[in-house]
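Me: I am new to this structure and would like to learn how to read it. Please take me through it step by step.

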2 protein chains.
Amino acid sequence: MTVLSRKERDRQLRRSDILKAAEHLFALKGYHEATIRDIAKEAQYATGTVYLHFKDKDALYFALLEEKMKSLQVTIKEKIGQVKDTRRKLEIFVQEGLVFFEKNQDFFRIFISEGNELLSERRILKSPTGLQMQEYTTSLLKEAQEQGVVSRDFDAGQIAEVFTSIIKTIIQRWLEEKKEKNDNLIDLSGVILRLFLNGTANK
Amino acid sequence: MTVLSRKERDRQLRRSDILKAAEHLFALKGYHEATIRDIAKEAQYATGTVYLHFKDKDALYFALLEEKMKSLQVTIKEKIGQVKDTRRKLEIFVQEGLVFFEKNQDFFRIFISEGNELLSERRILKSPTGLQMQEYTTSLLKEAQEQGVVSRDFDAGQIAEVFTSIIKTIIQRWLEEKKEKNDNLIDLSGVILRLFLNGTANK
DNA sequence: TTTAATTGTGAACAATCGTTCATTATTTAG
DNA sequence: CTAAATAATGAACGATTGTTCACAATTAAA
């Protein structure tokens, strides 16, 4: 039993080596220009070893996407669950997003290129967790509308997408200018909340 | 003279045939999955003919990007130039953007996938016109800050990116839900301006 | 009409990629 | 320690791509 468990543990270790290398290379070069050979080499395995853990390149990409998204989702839902105030919930949403992406900058690059670029036939199957997050954000904003924090004039789904796109934009800009300034990303949560809450407030 | 001019005119016609096919296929499949063979076939030429007009695939892609961006830029600058009121300028900025992308939906898909996806080494040379547009938007917002329309608390460049990202997000959502609803895109300019101007107003 | 120049064509080339699989190395069981 | 099972390897395969170029067709010049 303890033997089998070590085997399985080793296996997960190799799997996560490969995922880590994939994250780095997909972020650096994009899906198409990152090759399985690259990824295997960076993870210090032979090409074929990748296929012992993932069915094909797509499966590797989606596994990466799903696992990271899941971890973001779990964190956010957990922290928000401990709180009642709607405005505070939105605050936590932003802050936890910033903290997560400051720690996962490679993944952020993959994350923002999702939804765009590859609307090609292949990528019709969107990330399930990504869709869940979108629904969750929408539900948060519906709640905010009921509480009078956000105006009912807006479509909740529409506002949800604007909300996340503001967050993404601010992060992206921070990443590009990080060299010059050395602010913490978390310090930008105030700007984001002000922009969004004033923008969506009742007139 | 008249002969040479007809020759040149024919040549431009073929060039724009190819650009049109490229626009369609890059939008549909993305840069990597759209092949020169595809593009040539859709434009009803042989593969090699594409190379009589464009040095390589990259040059074709950038020519497309530059020509469309240029036309958007010219339209916007011209319309805004006829006006003094700052708030009205921002209104025109949004409205002309919506009109342009409603007419150029294929190009919009290419446009939004720029900046993201392909940060790979290859695409370090961003579209010059794209950068000009970014600078122009920033200058508009600096003016808005001087006029007291937008709070001076914000960094103009940061706000400029948020502004365009809100516009992009609203357009993207409209494209996805166009089947069900049949609003005109232009009708959404009010929502965008309200979100942005309230969001960035003085406290 | 005949010849020269230009333009269009698509088969062929070279490079690269995802994926497989025969072989080798390693681990487990007896 | 030996044999069976499992895992890792990387060369090889087939498919696809961007690009070229020898040839054909078309147009211009004489």
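**Surfaces near the DNA strands**

Reply: Helix α3(A) gives the most to the surface near DNA strand D, with 4 residues. Helices (H or I, at least four residues) and strands (E, at least two) are DSSP runs, numbered from the N terminus. The model is predicted: local features need pLDDT of at least 70, side-chain atom pairs count only at pLDDT 80 or more, and totals for chains, interfaces and linings use all residues. Residues are numbered from 1 along each chain as its sequence is written, while chains are lettered from A and ligands numbered from 1 in the order in which they are written.

Me: How many residues surround DNA strand D, and which are the closest?

Reply: A residue is near a molecule or strand if its C-beta atom, placed from the backbone, lies within 6 Å of it. For DNA strand D, 17 residues qualify, and the closest are A:Ala46, A:Gly48, B:Thr35, B:Gly48 and B:Asp56. At least two residues each come from α3 of chain A and from α1, α2 (36-42) and α3 of chain B.

Me: How do the residues of the surface near DNA strand C divide by class?

Reply: Ala, Val, Leu, Ile, Met, Phe, Trp, Tyr, Cys and Pro count as nonpolar, Asp, Glu, Lys and Arg as charged, and the others, Gly among them, as polar. The surface near DNA strand C has 6 nonpolar, 6 polar and 5 charged residues. For the surface near DNA strand D the division is 6 nonpolar, 6 polar and 5 charged.

Me: How many helices and strands are there in chain A?

Reply: Chain A has 9 helices and 0 strands. Its C-alpha atoms fill a box of roughly 60 × 45 × 40 Å, taken along the principal axes.

Me: What share of chain A counts as buried?

Reply: A residue is buried if 20 or more other C-beta atoms lie within 10 Å of its own, exposed if 12 or fewer, and partly exposed in between, with C-beta atoms placed from the backbone. Of the 203 residues of chain A, 32% count as buried. Helix α6 (residues 105-113) of chain A has 7 of its 9 residues buried, so it is largely enclosed by the rest of the structure. Those buried residues are A:Phe107, A:Phe108, A:Arg109, A:Ile110, A:Phe111, A:Ile112 and A:Ser113. In chain B, α6(B) is mostly covered, with 7 of its 9 residues buried.

Me: Where is A:Gln44 placed, and is A:Gln44 buried or exposed?

Reply: A:Gln44 sits in the loop between α2 and α3 of chain A. A:Gln44 is exposed, with 10 other C-beta atoms within 10 Å. Its phi is near 60 degrees, a positive value in a residue other than glycine. B:Gln44 likewise has phi near 60 degrees, and lies in the loop between α2 and α3 of chain B.

Me: Which residues have the most contacts inside the largest nonpolar core?

Reply: A nonpolar core is a set of buried Ala, Val, Leu, Ile, Met, Phe, Trp, Tyr and Cys residues joined through C-beta atoms within 7 Å. The largest one has 94 residues, and A:Phe26, A:Ile166, B:Ile39 and B:Ile166 have the most contacts inside it. Two residues are in contact if their C-beta atoms, placed from the backbone, lie within 7 Å. Leaving aside neighbours within four places in sequence, A:Ile166 is in contact with A:Ile192, A:Leu195, A:Phe196, B:Val162 and B:Ser165.

Me: How many residues of chain B are in contact with chain A?

Reply: On chain B, 25 residues are in contact with 25 residues of chain A. Helix α8(B) gives the most to this side of chain B, with 7 residues. By class, the side has 8 nonpolar, 11 polar and 6 charged residues. Of the interface residues of chain B, 100% are also interface residues in chain A, so the copies meet through the same surface.

Me: What rotation superposes chain B on chain A?

Reply: Copies are superposed by least squares on the C-alpha atoms of residues with pLDDT of at least 70 in both. Here a rotation of 180 degrees with 0.0 Å of shift along its axis superposes chain B on chain A (RMSD 0.0 Å). The two copies are thus related as by a two-fold rotation axis. Of the residues of chain B, B:Gly199 comes closest to the rotation axis, at 1.8 Å (C-alpha).
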